[in-house]
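Colleague: Hi! I'm new to this one, could you walk me through it?
Modeller: Happy to, let me put it on the screen.

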Amino acid sequence: MPSEGSLDVKFGVLTGGGDCPGLNGVIRAVVTRGTTAYGHEFVGLRDGWKGPLEGLTMPLDVEVVRNILPVGGTILGSSRTNPYKIDSGPARVQEQMARLGLDALVAIGGEDTLGVAKKLHDDGVQVVGVPKTIDNDLGATDFTFGFDTAVNIATEAIDRLHTTADSHHRVLVCEVMGRHAGWIALHSGMAGSASVILIPEQPFDIDSVCDYVQQSYAKGHAPIVVTSEGAVPKEGTLSVKGGDLDAFGHVRLSGMGQLLEGEIEKRTGRETRSTVLGHIQRGGSPTAFDRVLSTRFGLAAIEAAADGAWGTMVALRGTDIVRVSLSEATAELKLVPPELYAQAGVFFG
Ligand code: F6P
């Protein structure tokens, strides 16, 4: 394919934060389009921001990315390393970029990774961002890739929980990821006909949860309770234990499913079990939707770089891919609005 321009920029590409199905789709699109259309060169930066901090690299060319679209995870590796929490971290990133001859970065990540990208851009680094997260909680984009895959995995799990719950007339609690946003719980719970869905945005009352459980039995169904890992009880109704913090100050969430299992069984007298889907939601091959979205994001990121739109992130608005500033991208989390939760609530019980 003829080169559309000879900008010949040398890019470092990195994936940061929790991995997510579709990361390899972005890497493939960025490298393929950048090489064939613009004659760019690419270097893989390993393990998130640790790569540019410590100069950890791998070769990245059209041959390396040829067959990676359906592959889960990230060929570059990932981490939650935060250069701004490390002595001279940002300066070290710039030194390593100079040593490697990198002109610019493509940073693929969620609010933390893109928050670092924004600060580096403020410090003069040429960077474009691509949003990723299974949590779907980035404010500036309608959807992130990885979310659809996670929702499909969780929905399949809920379908399976229904049959075993019905066979044993048990309550089954299914804890899903999503951190402080309830998107995965809302979508998988709706798709999987949950008896009640608990999300961080709507603090729950354990008595109402138990009422829904009993209503479900009264209708002849064994109830499925889908809870976000970050669901919160109404103040003073239940005590929840705290977890460790990561380098970005996020608490490690765990235990909501187990807590509900004990409380529901104690309060309703119904035998209850809980399942934590955990990292199963993040592993494995991306859905077709996520393969297409990640590819479109990768292509758009290279066009943004070709236009010199540094400091921007590509985003999905409706069916269009647009550019937003990294400041806007990282300004606020996208949470589940009450009206969407109310729609799901029509089917509770
Ligand atoms: O942000 C993605 C996510 O999977 C969250 O849903 C979850 O809380 C967190 O990452 C888990 O992080 P780790 O893989 O570091 O345990």
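Predicted model: local features only at pLDDT ≥ 70, side-chain atom pairs only at ≥ 80, totals over all residues.

Colleague: Why do the side chains point two ways?
Modeller: Because in a regular strand the side chains alternate between the two faces of the sheet.

Colleague: And how many residues of strand 6 are buried?
Modeller: 6 of the 6, spanning residues 171-176, so strand 6 is largely enclosed by the rest of the structure.

Colleague: Which strands does strand 6 pair with?
Modeller: One of them is strand 9, residues 272-276, which pairs with strand 6 in the parallel sense over 5 bridges. Strand 8, residues 224-228, pairs with strand 6 too, again in the parallel sense and over 5 bridges.

Colleague: What does Glu-175 face in those strands?
Modeller: In strand 9, Val-276 is the bridge partner of Glu-175. In strand 8, Glu-175 stands opposite Thr-227.

Colleague: Changing topic, where does the ligand sit?
Modeller: The ligand is in the largest pocket. The residues surrounding the ligand are Arg-80, Ile-134, Asp-135, Met-177, Gly-178, Arg-179, Glu-229, His-279 and Arg-282.

Colleague: Which side chains have an N or O atom by an oxygen of the ligand, and at what distance?
Modeller: Let me go through three of them. For Arg-80, a side-chain N or O atom is 2.8 Å from an oxygen atom of the ligand. For Asp-135, the distance from a side-chain N or O atom to a ligand oxygen is 2.7 Å. For Arg-282, that distance is 2.9 Å.

Colleague: How much of the ligand does the protein bury?
Modeller: The protein buries 81% of the 400 Å² that the ligand exposes when taken alone.

Colleague: Let's go to the loops. Which value of phi does His-169 have?
Modeller: Phi of His-169 is near 55°, which is a positive value in a residue other than glycine. His-169 is in the loop between helix 6 (147-168) and strand 6.

Colleague: Is His-169 buried or exposed?
Modeller: His-169 counts as exposed, because its relative accessibility is 57% and the cut-off for exposed is over 50%.

Colleague: What about Ser-193?
Modeller: Ser-193 also has a positive phi, near 50°, and is a residue other than glycine. You'll find Ser-193 in the loop between helix 7 (183-191) and strand 7 (196-198). With a relative accessible area of 53%, Ser-193 is exposed.

Colleague: And where is Pro-223?
Modeller: Pro-223 is in the loop between helix 8 and strand 8. At 0% relative accessibility, Pro-223 counts as buried.

Colleague: Now the helices. What's going on at Ser-294?
Modeller: Ser-294 belongs to helix 10, residues 288-306. The relative accessible area of Ser-294 is 0%, so this serine is buried. The side chain of Ser-294 reaches the backbone oxygen of Asp-290 at 2.7 Å.

Colleague: How far is Cys-210 from Glu-265?
Modeller: Their C-alpha atoms are separated by 9.1 Å, with the residues 55 apart along the chain. As for Ser-208, its C-alpha atom is 36 Å from that of Pro-131, and those two are 77 residues apart along the chain.

Colleague: One last topic: how do strand 10 and strand 11 run?
Modeller: Strand 10 (residues 312-317) and strand 11 (residues 320-325) run antiparallel, joined by 6 bridges.

Colleague: What's in the turn between them?
Modeller: The two strands form a hairpin with 2 residues between them, and Gly-318 in the turn has a positive phi of about 65°.

Colleague: Thanks, that helps!

Technical notes:
Residues numbered from 1 in each chain as written. Heavy atoms only, no water. Buried < 20%, exposed > 50% of the residue type's maximum accessible area, 1.4 Å probe, protein only. Helix = DSSP H or I, 4+ residues; strand = E, 2+ residues; numbered from the N terminus. Pairing = 2+ DSSP bridges. Near = heavy atom within 4 Å. Polar contact = N/O pair within 3.5 Å; in protein donor to acceptor, adjacent residues only side chain to side chain. Areas by Shrake-Rupley, 256 points an atom, 1.4 Å probe, with all protein chains shown as cover. 1 Å grid on protein atoms, 1.4 Å probe; cavity = no way out; pocket = protein on both sides within 12 Å on 5 of 7 lines; lining within 4 Å. Sits in = over half its atoms within 2 Å of the grid points.
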